[in-house]
Amino acid sequence: MSALGLWAVVLLFAVSRCAQCRFQTLEHLRPAVRDKVQTEAVQELLQRLLGSRARDFLLTVNRSIVGAEQQTLDRFELRSLLDGRVSVLGTTGVAVATGLYRYLSSFCGCHISWSGDQLEVPSPLPRVPGLVRVTSPNRFRYYQNVCTYSYSFVWWNWERWEREIDWMALSGINLPLAFTGQEAIWQRHKILLRMRSLGMLPVLPAFAGFVPGAITRLFPKENITRLGSWGHLNCSYSCSYLLDSETPLFQHIGKMFLLELIKEFDTNHIYNADTFNEMSPSSSDPKYLSSASNAVFKSMIQVDPLAIWLMQGWLFVNKPSFWQPTQVKALLHGVPLGRMIILDLFADSRPAYSFTESFYGQPFIWCMLHNFGDNIGMYGTVETINKGPFEARSFPNSTMVGTGLTPEGIEQNDVVYELMNEMGWRREPLNLTEWVMLYAQRRYGKKNDHAVAAWLLLFQSVYNNTFYRPDHNRSPLVHRPSLKLDISLWYNKSDVYEAWRQMQAAVSDLFPSETFRYDLVDVTRQSVQLLVSEFYEDLKNAFLNYSIVGLQTSGNALSHDLLPELDKLLSSNRHFLLGHWLETARSLATNEKEADLYEFNARSQITLWGPGGNLLDYANKQWGGLINDYYAQRWDLFVSTLIKCLKMRVPFNQAHFNQIVFQVEQNFIVNKIRYPDKPVGNTFEIAKKLFLKYYPQTIKRFN
């Protein structure tokens with residue numbers, strides 16, 4: 001048996017060991033579509049994935065393959081048939097799709113990701129040794145953060161949604177947040193139809209109490225509270241209005257909203273509402289908090305008696321000074337136990353279940369947040385991911401019912417998401433070293449010792465943050481220049497530089513691989529990001545030592561060589577293009593004026609995000625076009641300002657610099673430049689040039 005096949009067999013008969021995690025109140029949350037419909041849907045997915053090779057598989061959905069006591073847990077079974085085909089049998093379309101990907105990855109060495117697929121399926125198909133049966137220990141495998149719609153999904157068309165839903169199914173996700181964005185009604189119907197046809201349980205929104213300010217004209221006597229500002233934005237852009245939960249109008253609006261929603265989109269009985277997420281309640285009185293949550297739940301069950309409330313648990317981590325045990329318990333106990341599921345949103349860094357006694361009895365989902373602002377940068381907490389869900393399940397009186405992905409942005413760090421998705425189907429941690437070695441082989445379609453060495457280095461460094469430090473790229477590259485930037489790291493930068501060298505050594509063998517080309521760009525980009533920090537230190541030291549020559553030398557190298565070369569590299573790969581982001585935004589418009597508005601918003605979000613730079617660089621990106629025309633311009637101005645200060649013998653004034661650099665930042669938003677939405681240049685030649693020029697400098701610094 002191959003090593004890949006042996007790895008699959010290790011997963012035999014994975015079952016849940018925590019009987020206390022089973023809630024009778026959640027038993028009705030099952031796919032409503034028939035097995036035949038799910039079978040057809042997953043067969044169509046296979047056709048999209050493998051084309052003519054789809055005929056080599058027999059896919060079947062049959063929920064009766066598990067006993068009555070396990071019918072809420074997904075299972076798949078793999079076996080080889082006498083005619084050479086492989087049978088994948090599962091309880092839902094998602095279970096079958098997961099089994100299909102498990103076979104493709106473990107027996108065929110294939111790989112599927114946002115950055116590219118490697119689907120060289122052997123012929124004939126490798127045989128499955130006997131029967132492989134896997135049962136997920138997790139009732140739910142959740143996906144999406146409300147923010148994901150703003151950062152990643154906002155400009156998507158149906159074709160991109162179709163690929164994402166396929167990825168969800170193959171990844172084993174059965175509980176996706178259905179929509180919170182601006183999709184057209186027809187597109188929302190297609191999204192929901194596809195999700196449900198695969199056996200997913202899409203989560204719909206419910207009324208959380210927020211109302212437009214104009215409602216006071218219609219109901220002047222209603223008690224409506226205006227909450228405080230958010231994200232440094234003034235009340236022209238924030239300060240939501242919250243309707244008093246005890247007023248009859250609250251129930252009336254909640255009822256009418258849900259009635260219309262279900263009439264239009266049907267329901268799977270699970271709804272999302274977040275009344276106090278990053279919002280300060282008007283009172284810390286436990287009675288008030290309990291009444292508020294009870295009102296939200298009541299507005300659901302008066303329409304849907306089977307309603308389950310799904311709530312983000314971010315508020316407890318975001319503002320612990322307010323959410324003391326008494327307040328947390330009051331909010332959660334305003335809803336009957338088992339009728340609310342909490343997303344432990346940031347469990348990969350700050351699990352809330354551990355300081356709330358497992359959410360005081362409410363079921364929860366252990367989630368990996370991982371990404372803030374859809375930033376681009378290598379990051380992971382692989383050791384925590386590999387242990388955290390199992391520690392949560394064995395926690396005293398655990399109420400854990402699933403695992404989840406809750407990133408603010410996607411389409412980055414494929415390896416972390418693949419690892420976390422596997423946790424949803426495992427009953428114990430895996431060997432990370434063995435796993436990542438196989439990952440490197442599957443991702444590129446062949447074994448290459450240099451690539452394997454690179455991934456081992458990355459896994460022990462940049463992907464293994466064992467300290468509390470959320471992923472928010474603090475590199476000087478993507479932040480407004482200052483003499484006080486934080487450039488501390490959770491890893492040894494020499495590991496990344498060595499991984500850079502190893503990836504360069506693998507080029508001649510792996511250059512045909514799309515995923516390798518992506519990773520070559522990404523590892524080079526990460527290395528250049530570290531080099532920017534080195535140049536930043538040089539600039540600071542030169543300024544503090546009154547060296548104009550030092551400033552000129554380091555400044556020119558940074559702004560006029562390193563960053564332009566990085567821009568060229570990013571512009572050579574379709575996954576790192578500013579032009580694609582902007583053109584996709586414009587493509588959804590119905591006229592030129594609307595297209596200009598969409599482009600303005602697309603530019604604003606990744607830079608100033610607010611008229612005064614209110615959330616400056618929160619959603620920063622490292623894209624071709626953005627490096628040259630935004631980040632490099634700021635650094636060039638910073639260097640020239642420092643030189644001017646030394647010449648005039650005056651101290652550097654950050655407040656004054658902020659005023660003049662703001663003009664540069666604003667100019668980017670309105671510059672009207674059309675950036676290429678297709679790759680330009682030879683990735684390998686550009687990457688090689690960068691490596692040959694700058695890698696020797698990194699070695700000299702360390703020596």
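This report walks through aromatic contacts and salt bridges in a predicted model.

## Aromatic pairs

Let's start with the rings. A pair of aromatic rings is described by the distance of the centres and the angle of the planes. The structure holds 52 aromatic pairs. One of them joins Trp314 and Phe372, with 6.1 Å from centre to centre and 55° between the planes, so this pair counts as tilted. Trp314 sits in helix H10 (residues 314–318), while Phe372 belongs to the loop between strand E16 (364–368) and helix H13 (382–393), so the contact ties together parts that are 58 residues apart in sequence. Both Trp314 and Phe372 are buried.

Another pair is Phe638 with Phe657, and this one is edge-to-face: the centres are 5.5 Å apart and the planes make an angle of 70°.

## A cluster, and charges over rings

Some rings gather in a group. Phe276, Tyr288, Phe316, Phe322, Trp323, Tyr353, Phe359, Phe364 and Phe395 form one aromatic cluster.

Rings also meet charged side chains. Arg160 lies over the face of Trp156, 4.1 Å from the ring centre. Arg603 does likewise with Phe668, at 5.1 Å from the ring centre.

## Salt bridges

Now for the charges. Side chains of opposite charge can pair when their charged atoms come close. The count comes to 34 salt bridges. Take Arg63 and Asp35, whose closest N and O atoms are 2.7 Å apart. Arg63 is in the loop between strand E1 (57–61) and strand E2 (75–80), and Asp35 is in helix H2 (residues 35–50), so the bridge ties together parts that are 28 residues apart in sequence. Arg63 is partly exposed, at 31% relative accessible area, whereas Asp35 is buried, at 18%.

Arg501 and Glu498 form a salt bridge as well, at 2.7 Å from N to O. These two are three residues apart in helix H17 (residues 493–505), which puts about one helical turn between them. Arg501 is partly exposed at 32%, and Glu498 is partly exposed at 22%.

## A linked network

Arg586 and Glu592 make a salt bridge of 2.7 Å, N to O. Arg586 is buried, with a relative accessible area of 10%, but Glu592 is exposed at 52%. Both belong to a network of salt bridges that links Arg586, Glu592, Asp596, Glu599 and Arg603. Arg603 is also the residue that lies over the face of Phe668.

Definitions and conventions. Residues numbered from 1 in each chain as written. Predicted model: local features only at pLDDT ≥ 70, side-chain atom pairs only at ≥ 80, totals over all residues. Heavy atoms only, no water. Phe/Tyr/Trp six-rings, centres within 6.5 Å; stacked < 30°, edge-to-face > 60°. Helix = DSSP H or I, 4+ residues; strand = E, 2+ residues; numbered from the N terminus. Buried < 20%, exposed > 50% of the residue type's maximum accessible area, 1.4 Å probe, protein only. Lys NZ or Arg CZ within 6 Å of the ring centre and 35° of its normal. Salt bridge = Lys/Arg side-chain N within 4 Å of Asp/Glu carboxyl O.
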